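Please keep the sequence and the coordinates at hand.

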Amino acid sequence: MGKNNKANMYVDIVSLHNEVTGSCNICTVRFPDTQKVKFIVDCGLFQEEKYQKQNYYFPFEPNEISFLLVTHNHIDHIGRIPKLYKDGFKGKTYASKITSELMPLALNNTAEILSSNTQKNSNKQKKVLEDSSIPTHLASAMNTPLFEVDDVSKAMENVVGVEFNKAVSVAPHIAVKFIQNGHLLGAASILVTITYKGQDPIYLYFSGDYAKDNIFFDVEEMPKMLKEVPLNVITESTYGTKSRNDIVHVFEDNILESLKHKETLIIPVFSLGRSQEMLLKLKKMQKNGLLSKSIPIYFDGKLAHSYTSFYQNHLDYLKQDEDVQSFLPENLTLVTEYETRQALLPDRNSKIILTTSGMGSYGPAQFYLPYYISRPKCTIHFCGYTTPNTFGSKIKEVGDGEVFELNGIMTTKKAKVLSTNEFSGHGKQEDLLELLEGFNLKSVLINHGEENTKVQFAKTVIDKIKPKGVAILSNKNYIRVGAHGILKSYPVNDLNFNITD
Ligand SMILES: [Zn+2]
Ligand SMILES: [Zn+2]
């Protein structure tokens with residue numbers, strides 16, 4: 001087990017995308033007998049228009065992948081799993097038990113959206129075929145949905161739900177452990193342990209999207225062994241440059257101000273996590289007398305309703321706290337019909353409308369926001385990040401009272417548009433550093449952040465924690481790690497992500 005053996009067993013890690021989208025890490029383990037095992041961590045969808053083409057192919061052979069590990073139920077981490085199976089992946093998908101129960105809800109919903117988008121886009125076919133930057137076979141594939149409900153069921157047959165903190169063997173010499181974290185219900189960080197006779201074991205810890213705690217559930221304590229073993233950490237860095245002090249708590253005051261003026265208040269929400277958190281927030285405000293129970297609350301979004309029922313049917317997954325156990329506020333109406341939605345528009349009484357999607361580009365928000373943006377006595381309050389080019393970003397950018405083009409019609413922005421970052425499910429810089437400090441670190445590979453954030457956060461890690469090695473994960477270089485940390489990096493030349501030595 002001396003130095004000579006170090007390079008006999010290693011893992012080459014590369015990221016499919018450089019930023020916070022289409023999350024997917026490709027790992028190739030090379031054993032001393034020269035056998036190779038390839039596995040991936042997450043298999044996300046690119047939701048941004050500019051990356052749409054990338055959804056249609058994998059830059060590796062899906063049938064060469066032995067197994068897939070899933071950190072949590074967000075579409076940018078799971079959205080291409082059905083496509084992976086459709087394209088020939090034969091292995092198992094491992095996820096936490098809760099994530100394995102949530103995934104069909106998310107993926108069936110995605111399948112529905114994809115097929116309706118394909119119908120809308122079929123008239124773009126000619127344009128797509130003329131686009132010389134993509135091969136013809138891909139261009140024609142883009143006119144059929146990426147996957148359908150049937151593909152989701154087929155993929156889900158191969159999903160194995162695993163209890164937190166339980167070691168599971170996933171391939172010869174490779175075991176994994178799912179470790180709960182607070183990012184989302186079911187979210188896990190994953191420990192991968194690679195053992196081989198005569199070799200020091202390699203420990204890889206994939207943080208996944210990470211938060212220390214969650215308002216809805218108690219996070220199980222990390223197993224003690226995780227703090228002792230020599231660890232190579234692959235960490236997210238979404239908020240790697242944001243301090244806890246950068247978070248401003250304005251939401252409560254903003255909505256009280258809006259309701260004081262008898263406005264209609266629209267809160268775009270993400271369907272899993274944020275929706276339920278908003279319901280709980282409003283319930284607590286009713287309870288402590290801040291919010292009058294006479295103000296009606298409408299809640300619109302099919303997937304958000306499904307997730308809310310999931311919470312209600314799995315109260316044992318949630319905190320045994322009285323408010324959490326019955327988190328629905330009073331005077332709540334679930335909007336499920338187009339007619340109900342339509343009837344809300346002429347109503348000038350003060351009310352709250354929670355609606356998906358969180359960035360305003362999908363779901364019933366597409367119905368409410370274009371209508372209310374030109375109404376006075378209305379506040380639209382975002383409670384999460386909106387990526388560029390989404391409807392949310394667009395209406396945030398337009399000045400108050402400014403005229404702008406909305407689906408071809410010139411419209412005046414009369415509603416107030418506000419936002420807050422106080423509800424984020426990502427650890428801030430302090431949280432990420434605290435996590436890293438607790439380990440016996442061999443290396444830190446920085447992943448899942450904007451390119452500049454990754455570099456800045458890497459510098460902070462070097463400065464504050466001083467691990468042996470720090471690297472930036474991207475699709476430009478393979479980072480090779482062994483039992484004792486980073487061995488080397490080398491450029492990605494081969495678009496199929498094949499390891500050559
Ligand atoms: Zn996430
Ligand atoms: Zn993420």
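Between domain 1 and domain 2, seven residue pairs are in polar contact, with both residues of each pair at pLDDT 80 or more. The residues on the side of domain 1 that touches domain 2 comprise nine nonpolar, five polar and five charged ones. The pLDDT values belong to a predicted model, and the description below should be read with that in mind.

The two parts come from the domain assignment of the chain, which gives residues 8-242 together with 425-491 as domain 1 and residues 248-419 as domain 2. To their contact, domain 1 contributes 19 residues and domain 2 contributes 20 residues. The C-alpha centres of the two domains are 31 Å apart.

The size of an interface is often expressed as the accessible area that is lost when the parts come together. For domain 1 and domain 2 this buried area is about 1,900 Å², and carbon and sulfur atoms give 64% of it. On the side of domain 1, Leu185, Ile215 and Phe216 lose the most area to domain 2; together they account for 38% of what that side buries.

Charged pairs are another item to check. Side chains of opposite charge can pair when their charged atoms come close. Across the interface of domain 1 and domain 2 the rule finds one salt bridge. Glutamate 112 and lysine 302 meet through their side chains in a salt bridge, with an N to O distance of 3.2 Å.

Over the whole structure, the search finds 20 salt bridges. One of them joins the side chains of aspartate 12 and arginine 480, at 2.8 Å from N to O. This pair links distant parts of the chain, since aspartate 12 belongs to strand 1 (residues 10-15) and arginine 480 to strand 22 (residues 477-482), 468 residues apart.

The metal site comes next. Which residues coordinate the zinc ion (ligand 2)? The donors are His77 (NE2), Asp209 (OD) and His448 (NE2), at 2.1 to 2.4 Å. Their spacing in sequence is H-x131-D-x238-H. Histidine 77 lies in helix 1 (residues 75-78), while aspartate 209 lies in the loop between strand 10 (202-206) and helix 7 (224-228), so this pair ties together parts that are 132 residues apart in sequence. Aspartate 209 also coordinates the zinc ion (ligand 1), which is 3.5 Å from the zinc ion (ligand 2).

Notes:
Residues numbered from 1 in each chain as written. Chains lettered and ligands numbered in written order. Predicted model: local features only at pLDDT ≥ 70, side-chain atom pairs only at ≥ 80, totals over all residues. Heavy atoms only, no water. Domains from an automatic or database assignment. Contact = heavy atoms within 4.5 Å. Buried area = accessible area lost by both parts, 1.4 Å probe. Salt bridge = Lys/Arg side-chain N within 4 Å of Asp/Glu carboxyl O. Polar contact = N/O pair within 3.5 Å; in protein donor to acceptor, adjacent residues only side chain to side chain. Nonpolar A, V, L, I, M, F, W, Y, C, P; charged D, E, K, R; others polar. Donors = N, O, S within 2.8 Å, 3.2 Å for Na, K, Ca; no water. Helix = DSSP H or I, 4+ residues; strand = E, 2+ residues; numbered from the N terminus.
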